[in-house]
Amino acid sequence: MARRESYEEKTEALLAPMMEQNQFELVDVEFVKEAGTWYLRAYIDKPGGITIDDCERISRALSDQLDEKNFIEESYILEVSSPGLGRPLRKEKDFVRSQGESVEVKLFRALNKQKEFTGILKEWDKETVTLEFEDGAVLTIPRADIALIRLAFDF
């Protein structure tokens with residue numbers, strides 16, 4: 001297991017009791033390097049949406065736990081936030097929650113001369129994602145070709 005994945009897994013374990021206690025959902029944890037700086041990000045949610053106070057409460061508690069456990073070797077910035085409107089679908093539970101919803105899919109390379117698709121999430125498995133479009137057409141996309149899949153939203 002890569003160091004990054006280990007950090008994310010251990011952080012998820014620290015967050016689990018906090019999520020249960022507050023009746024929040026842990027959407028995702030990521031440890032990423034951007035512009036030379038490491039970030040440890042936790043995305044949390046609850047019915048009705050997460051508030052700044054919710055994020056602050058979890059951030060303080062998580063920061064204390066991370067200081068105590070001290071398993072991350074690199075210096076990093078901790079961020080706790082809402083996943084936002086266009087939350088990415090990464091885990092099985094994200095796909096289950098989003099089945100029948102409109103999703104936006106961006107590909108690494110063009111498929112049918114197109115790199116972006118928006119349609120209804122009909123099916124998925126470890127290998128593919130299937131979308132249905134307004135005209136009834138169905139497209140199955142290999143997951144290896146998908147750069148990003150997230151809920152679509154209109155303003």
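Which residue of S7 stands opposite Thr-128? Pro-142 takes that place in S7.

The model is a predicted one, in which local features need pLDDT of at least 70 and side-chain atom pairs count only at pLDDT 80 or more, while totals for chains, interfaces and linings use all residues. Residues are numbered from 1 along each chain as its sequence is written, and side-chain values use heavy atoms, leaving out hydrogens and water.

**Terms**

- Helices (H or I, at least four residues) and strands (E, at least two) are DSSP runs, numbered from the N terminus.
- Two strands pair if DSSP finds at least two bridges between them.
- Contact means heavy atoms within 4.5 Å.
- Angles run from 0 to 180 degrees between N-to-C directions, with axes fitted as lines to C-alpha atoms, for helices over the stretch in contact.
- A residue is buried under 20% relative accessible area, exposed over 50% and partly exposed in between (1.4 Å probe, protein chains only).

**The mixed sheet**

- An open sheet is formed by 3 strands in the order S1-S2-S3, with mixed pairing.
- Its edge strands, S1 (25-34) and S3 (76-81), each pair on one side only.
- From one strand to the next, the twist averages 15°.
- Strand S2 (residues 37-45) pairs with S3 in the parallel sense over 6 bridges, and Tyr-43 has Ser-81 as its bridge partner in S3.
- Helix H1 (residues 3-22) lies across S1 and S2 and runs at about 150° to S1.
- Helix H2 (residues 52-69) also packs on the sheet, where it touches S2 and S3, and its direction makes about 145° with that of S3.

**The antiparallel sheet**

- The order S7-S6-S5-S4-S8 describes an open sheet of 5 strands with antiparallel pairing.
- Strands S7 (138-142) and S8 (146-151) stand at the edges with a single partner strand each, so one side of each has no neighbour in the sheet.
- Neighbouring strands of this sheet are turned by 40° against each other on average, direction ignored.
- Strand S6 (residues 128-132) pairs with S7 in the antiparallel sense over 5 bridges.

**Helix H2**

- The buried residues of H2 include Asp-54, Cys-55, Ile-58, Leu-62 and Leu-66.
- They cover an arc of only 85° around the axis (taken from the directions from the helix axis to the C-beta atoms), which puts them on the same side of H2.
- These buried residues pack against H1, S2 and S3.
- The face turned away from the buried side carries exposed residues, among them Ile-52, Arg-60 and Glu-68.
- Asn-70 follows H2 and has a positive phi, near 50°.

**Nonpolar cores**

- A nonpolar core is a set of buried Ala, Val, Leu, Ile, Met, Phe, Trp, Tyr and Cys residues joined through side-chain atoms within 4.5 Å.
- The largest core has 20 residues, of which Leu-15, Met-19, Ile-44 and Ile-58 touch the most other members.
- H1, S1, S2 and H2 each supply at least two residues of this core, and H1 gives the most, with 5 residues.
- Not counting residues up to four places away in sequence, Met-19 touches Phe-24, Glu-25, Leu-26, Ile-44 and Ile-58.
- A second, separate core of 14 residues includes Trp-124, Leu-139, Ile-141 and Ile-146.

**Glu-30**

- Glu-30 lies in strand S1 and is buried, with a relative accessible area of 13%.
- Not counting residues up to four places away in sequence, Glu-30 touches Glu-8, Tyr-39, Leu-40, Arg-41, Tyr-43 and Arg-90.
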